[in-house]
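Dear colleague,

Please find below the structure that I am handing over to you. My notes on what was found in it follow directly after.

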Amino acid sequence: MTDFGYGYAGKILRVDLSTGKISTQPTEDLAPRFLGGRGINQWILLQELAPWVTPFEPANIVCYGAGALAGTLVPGACRINVDSKNAFTGGIGSGSAGGWFASELKFAGYDHVVVRGKAREPVYLWIEDDRVAIKPANSLWGKTVRETEKGIRDEAGHGDAQVLCIGPAGENLVRSACIIVSGCRAVGRCGLGAVMGSKNLKAIAVRGTGRIAMTKPDQFLSLARKTARRLRGLHEHQARKEFGSFFVSPKWNDISSLPYKNYHDDFIPDEVFSRVSHEVFHRAHELGPHACTACPTHCGHTYQVAEGPYAGTLCHKAEANAVWNFGGRLAMADAGAVLKAQEDCCQLGLDIDNTTGSIAWAMDCFEQGILSEEDAGGLRLAWGDHRVVIDLIRQIANREGLGNLLAEGSLRASQVVGKGSERYAFHMKGQDLIEAIRAAKGWALGVVVSARGGAHTRGAAVTEARKYSEEDSQRLFGVTTAGKASVYEGKPLVVARVESICALLDSVGVCFFTGTWGAPLGVSPEELAKFCSLATGVELTEETLMKTAERIHNVEKMFNVVHARFTREDDYPPARFMVEPIQSGSLKGEYLQKEAWDGMLDAYYALHGWDRETGWPTREKLEELDLPECVGKLGQAEEALRSRKRP
Amino acid sequence: MDPEGAPPIEKRLKETSDNQSLDEGRNEPMVKHSRQRGIITVRHPELCTGCLSCMLACSFHHCRMFSRSQSSIRIGKSLSEPGKGSRIVISLEHDQWAPVCDLCANEDHPLCIGFCPQNVFGLERRSS
């Protein structure tokens with residue numbers, strides 16, 4: 001084997017659903033510069049996808065990438081990244097999930113699957129080692145996630161096949177449709193489920209009997225053992241074992257950073273919050289834990305609603321987002337109803353963040369008299385009414401009634417309705433916003449500049465809610481302010497560092513919760529460099545790996561430059577957040593000051609070596625990052641921008 | 001459990017490295033095992049989270065690589081049976097479907113025990 005042959009499965013699988021052609025290429029073509037997972041996915045998109053292709057056209061490409069370390073015993077190395085054109089923004093669409101799919105894909109011999117074209121009828125992709133087939137999925141079309149998984153496993157005769165699939169929402173091109181992996185783990189945001197639906201691709205199922213080799217196996221195992229033991233003792237991991245990611249919600253509410261009633265406030269009042277707290281879910285509804293491949297933490301918990309109208313409902317995975325979205329944005333003060341809504345979204349293949357974004361917009365418009373009961377098909381869209389929410393979830397997935405409008409997301413829905421409803425559509429670059437960002441300035445910057453259109457899985461640090469000490473802050477970021485929510489100074493540095501960490505974790509396939517995003521003593525970039533070196537035989541240092549991560553982040557940025565022309569003006573928060581202060585909580589009165597935001601953006605662009613006026617990478621930066629192919633693309637985009645600005 | 005007010009990194013590093021309870025049951029001297037000396041038992045299948053770490057570690061013992069098919073351990077984790085752990089099968093006979101468990105002969109410790117975060121496995125010693 002040559003360099004980068006070890007540690008990887010070795011092949012990228014390419015499938016054209018229009019022609020039925022199936023082929024492979026060596027992963028080592030791309031691994032040295034882009035590692036794997038998100039890095040290789042996004043490079044393929046940038047190189048191969050024409051800017052004029054829209055998200056639901058057959059010519060769009062969707063890339064599935066197992067992380068470079070997935071399939072090994074590196075703690076948390078379980079992630080599959082999915083990338084395509086964003087159904088909301090037209091820029092990059094990107095998401096990842098854990099589960100057991102990524103390792104199985106690598107055991108089958110593939111690091112990535114690249115799908116283009118559109119099948120004539122519903123199909124699913126079956127991968128069993130070197131036997132790859134496009135199979136009919138007519139009988140699965142319209143089925144829920146659970147029914148789809150079962151149907152594929154029954155047909156294959158392999159109960160251990162791993163399945164990634166869409167629900168009815170993806171089939172119906174609902175923009176908030178997601179992809180569900182291993183039955184309950186969502187590749188959320190960006191409408192990636194709808195992109196699969198547009199290709200008539202219901203699912204990918206995989207079963208693998210191959211092996212992943214290391215160049216220095218004994219040293220690799222020794223480091224994996226040492227790292228796993230350390231992680232098991234961390235406070236954060238103990239908390240996730242007990243409560244899943246629910247445990248973080250009180251910390252965010254403590255710093256006035258959870259949305260309430262579509263941002264009427266950034267603090268969930270006690271009478272609501274106490275009924276959807278992490279302890280309520282844990283004590284009243286939990287049945288047992290489950291974990292992704294190689295994870296010592298098991299943040300996954302299965303819940304069963306204990307009482308009330310939804311008693312008996314099983315919900316296999318719920319994140320803190322469920323509290324923010326259903327408990328906060330929609331004011332549902334009922335943990336059982338939250339679990340029911342979460343499970344319905346999962347089975348229908350709906351991303352809860354985007355789905356609740358448009359429902360919150362509708363409820364706000366109803367309260368303001370912009371939408372009537374007649375507009376809503378006879379529903380009274382009252383805050384906290386879980387029956388209405390659950391009905392709307394079904395309507396959205398099936399594009400029925402008001403759901404057909406809400407399936408487009410709040411921005412597009414508001415453009416259809418008009419009447420000032422745009423004021424209640426909170427979005428970033430066209431995609432619904434879920435984070436409350438007025439109080440914590442580093443969290444805000446990371447969310448707002450995120451290339452995928454909002455979302456906190458790019459540069460948003462959790463340092464402020466966790467109140468990192470000055471010592472931790474200095475050690476990890478080189479500034480003392482990472483843990484201080486209302487301070488602007490130092491936050492651009494924190495965000496730039498976190499962006500690289502996220503790009504690295506997404507590309508090696510290690511979960512954020514086991515990496516340093518979720519815990520300061522998680523698997524560090526230095527350790528990831530050692531793992532990669534011991535696996536591949538190519539000597540990598542923390543410095544070289546972080547440079548690769550920066551390259552990947554710039555590729556993502558360049559996709560938005562080429563495909564969506566987002567500029568500095570798209571890196572500002574919703575205008576209301578810059579004039580309307582938070583109403584309650586410990587950081588009551590906080591808002592985002594325009595001048596201070598400008599200062600953060602200037603510093604952030606300077607740290608990246610990006611142009612201050614456009615926010616785009618410069619030629620010098622692209623050449624420094626060994627991305628000469630991007631220089632021409634940048635020139636064309638700059639010329640187009642100048643033409644647009646000409647009177 | 002709540003990490004609120006967690007101490008500084010240096011102290012926590014020391015705490016976690018000193019945390020001997022993490023290694024409980026894992027540091028017994030068991031160099032050069034053979035099946036005559038004992039057997040791996042599934043003590044607590046109800047605690048299994050399905051992380052497959054034991055399976056990967058087992059395959060590593062057998063072939064110095066990571067694999068599902070080269071492991072003596074099969075894990076059946078079904079989300080339709082929540083709260084019941086997993087179905088765990090260990091290959092003990094030569095005519096079975098996978099490499100036979102040899103108690104990690106020539107390893108320092110049985111790897112499945114060492115890598116399981118839930119203490120699912122145990123070692124039942126046999127008197128000589």
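Two strands are taken to pair if DSSP finds at least two bridges between them. The model is a predicted one, and the notes below should be read accordingly.

In chain A, three strands form an open sheet in the order S14-S15-S16, with antiparallel pairing. Strands S14 (286-290) and S16 (314-315) stand at the edges; each has a single partner strand, so one side of each is left without a neighbour in the sheet. Helix H11 (residues 278-285) of chain A packs on this sheet, where it touches S14 and S15, and its direction makes about 105° with that of S14(A). Strand S15 (residues 300-304) of chain A is joined to S16(A) by two bridges, and Gln304(A) stands opposite Leu314(A) in S16(A).

Helix H21 (residues 525-536) of chain A is mostly covered, as ten of its twelve residues are buried. Among them are Leu528(A), Phe531(A), Cys532(A) and Leu534(A). The cover over the buried residues includes strand S13 (211-213) and helices H7 (217-232), H20 (491-508) and H22 (542-563) of chain A. Gly537(A), with a positive phi near 85°, follows the helix.

Finally, Gln42(A) lies in helix H2 (residues 37-48) of chain A. Gln42(A) has a relative accessible area of 1% and is therefore buried, the cut-off being under 20%. Its side chain makes a polar contact of 3.5 Å with the side chain of Ser94(A).

Yours sincerely

Notes:
Residues numbered from 1 in each chain as written. Chains lettered and ligands numbered in written order. Predicted model: local features only at pLDDT ≥ 70, side-chain atom pairs only at ≥ 80, totals over all residues. Heavy atoms only, no water. Helix = DSSP H or I, 4+ residues; strand = E, 2+ residues; numbered from the N terminus. Buried < 20%, exposed > 50% of the residue type's maximum accessible area, 1.4 Å probe, protein only. Polar contact = N/O pair within 3.5 Å; in protein donor to acceptor, adjacent residues only side chain to side chain. Contact = heavy atoms within 4.5 Å. Axes fitted to C-alpha atoms, helices over the stretch in contact; angles between N-to-C directions.
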